[in-house]
Structure formats: C-alpha cells, structure tokens
Amino acid sequence: MPDLDNDGRPDLVYVTGNVYPEVEALLAQYPHRGPRVIFRNVDGARFEQATLVSGAGPVTPHSSRGTAFGDVDNDGDVDILVFNMNEPPSLLRNDYAGPNRWLQLKLEGTTSNRAALGAVVRVTSSGRTQAQAVLSQASYYSHDDLRLHFGLGSAAAADTIEVRWPSGRVETLKDVRGGRVVTIKEGADSKR
C-alpha cells in the first residue's frame with residue numbers, strides 16, 4: 001500500500017475491470033472496463049474517497065489487472081503503473097505538492113541476498129513507526145520499486161531506522177535526514 005501524500009499513513013489503491021469483455025453484453029452491471037479507485041488514509045482509522053480529485057488518469061476506464069508502485073520520476077512521491085488487458089500500461093504520475101516530507105531507502109545485502117529481499121525496515125519519526133518489507137512481487141504480475149518509500153509527515157528526518165536483514169543481522173541508524181534516497185549496505189558502519 002503506497003503512501004501517496006507522504007503523511008506516514010498507507011493509502012489504498014485498487015484497479016478494476018472484467019476479464020471477459022463478452023460478459024458486459026449479457027450483464028451490464030459487470031462492465032469490461034472500470035476506474036482505478038484511490039482512498040486516502042485520513043487518520044489511520046478512516047479512509048476518504050480520493051479518486052475524483054486525483055486527475056483524469058484514475059477515472060479513465062480500463063480493464064486493469066495489476067499495479068506497481070514506485071517513484072518513477074524520482075521526485076519524492078509514489079507513482080502508480082497500472083497493467084491493462086490488451087492495451088499498454090498506464091503510468092499515473094503522482095505530483096504531490098503538499099508540505100509532507102519523505103525518505104526512500106535502498107538496501108544492499110552483503111551476507112544476505114544482494115537485493116535484500118525479505119529485509120524488514122522500521123522507521124520511527126515524530127512518534128509514529130512504519131514498517132515495510134523488501135518484496136519481489138506485490139500485485140498481480142507486478143513488481144514494486146525495491147526502494148522503500150516512507151512518508152515523514154512534517155518531520156525533516158527519521159528519528160530511528162531499524163533494518164532486519166534476511167541474514168538475521170539487525171542494524172539501527174539514528175537521525176537520518178529526509179528528502180532523499182539513502183543507500184544502506186548490510187554490515188557497513190553507516191553515519192547518515
């Protein structure tokens with residue numbers, strides 16, 4: 001689940017569409033193409049519909065099957081790549097311009113696998129802790145960016161970053177400035 005507005009709370013995105021276009025002719029309530037749906041996490045307990053305020057890309061109907069998340073244009077917000085049936089994928093660029101800050105982490109395993117698949121990272125900032133794992137697959141036929149993206153809200157830095165590597169090693173970094181991509185190499189004595 002991506003944090004589309006860098007507030008430190010995961011938002012929800014899902015794509016729709018019927019696999020078989022013939023179904024729509026018989027059952028109109030099951031259209032072949034549908035919108036992408038976006039919900040903004042308001043306070044960690046409630047979500048609000050954000051599809052209509054997210055531009056034309058999400059509301060343009062497609063028969064979509066999977067999504068991949070990552071900062072495609074390296075501007076500090078999570079973009080969405082949507083895979084569609086029988087047509088090219090759609091890139092939904094996120095151009096978030098609000099006050100919230102961010103931090104991306106690129107992990108490099110040495111004892112663990114080079115891509116750090118299976119590593120779990122916990123970032124604490126302004127009293128809130130977020131956790132993410134480095135995964136090789138996240139949605140149907142989709143692969144997210146291996147860099148982990150953390151919204152920091154109004155904080156300029158992460159107070160603590162804890163990395164649990166697949167090898168079992170645990171490393172902790174303190175006071176890591178946001179607004180950038182930080183590479184963490186397993187076993188390196190990192191001062192960030």
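The model is predicted, so local features are given where pLDDT is at least 70 and side-chain atom pairs where pLDDT is 80 or more, while totals for chains, interfaces and linings use all residues. Residues are numbered from 1 along each chain as its sequence is written, and side-chain values use heavy atoms, with hydrogens and water left out.

Begin by selecting residues 79-84, which form strand β5 and include N84; strands, like helices, are DSSP runs numbered from the N terminus (E, at least two residues, for strands; H or I, at least four, for helices). Between β5 and β6 the hairpin has five residues, and N86 takes a positive phi near 55 degrees.

N84 counts as buried because its relative accessibility is 10%, the classes being buried under 20% relative accessible area, exposed over 50% and partly exposed in between, with a 1.4 Å probe and protein chains only. Its side chain makes polar contacts with the side chain of S64 at 2.7 Å and with that of S90 at 2.9 Å; a polar contact is a pair of N or O atoms within 3.5 Å, where within protein one must be able to donate a hydrogen and the other to accept it, and residues adjacent in sequence count only if both atoms are side-chain atoms. Leaving aside neighbours within four places in sequence, the contacts of N84 (heavy atoms within 4.5 Å) are R36, H62, S63, S64, P89 and S90.

Next, move to N6, in the segment before β1 (12-17). N6 counts as buried because its relative accessibility is 1%. The side chain of N6 makes a polar contact of 2.7 Å with the side chain of H149, and, not counting residues up to four places away in sequence, N6 also touches others including D77, Y96, R101 and W102.

Finally, select Y30, in the loop between α1 (22-26) and β2 (33-41). Y30 counts as partly exposed because its relative accessibility is 45%.

Definitions and conventions: Two strands pair if DSSP finds at least two bridges between them.
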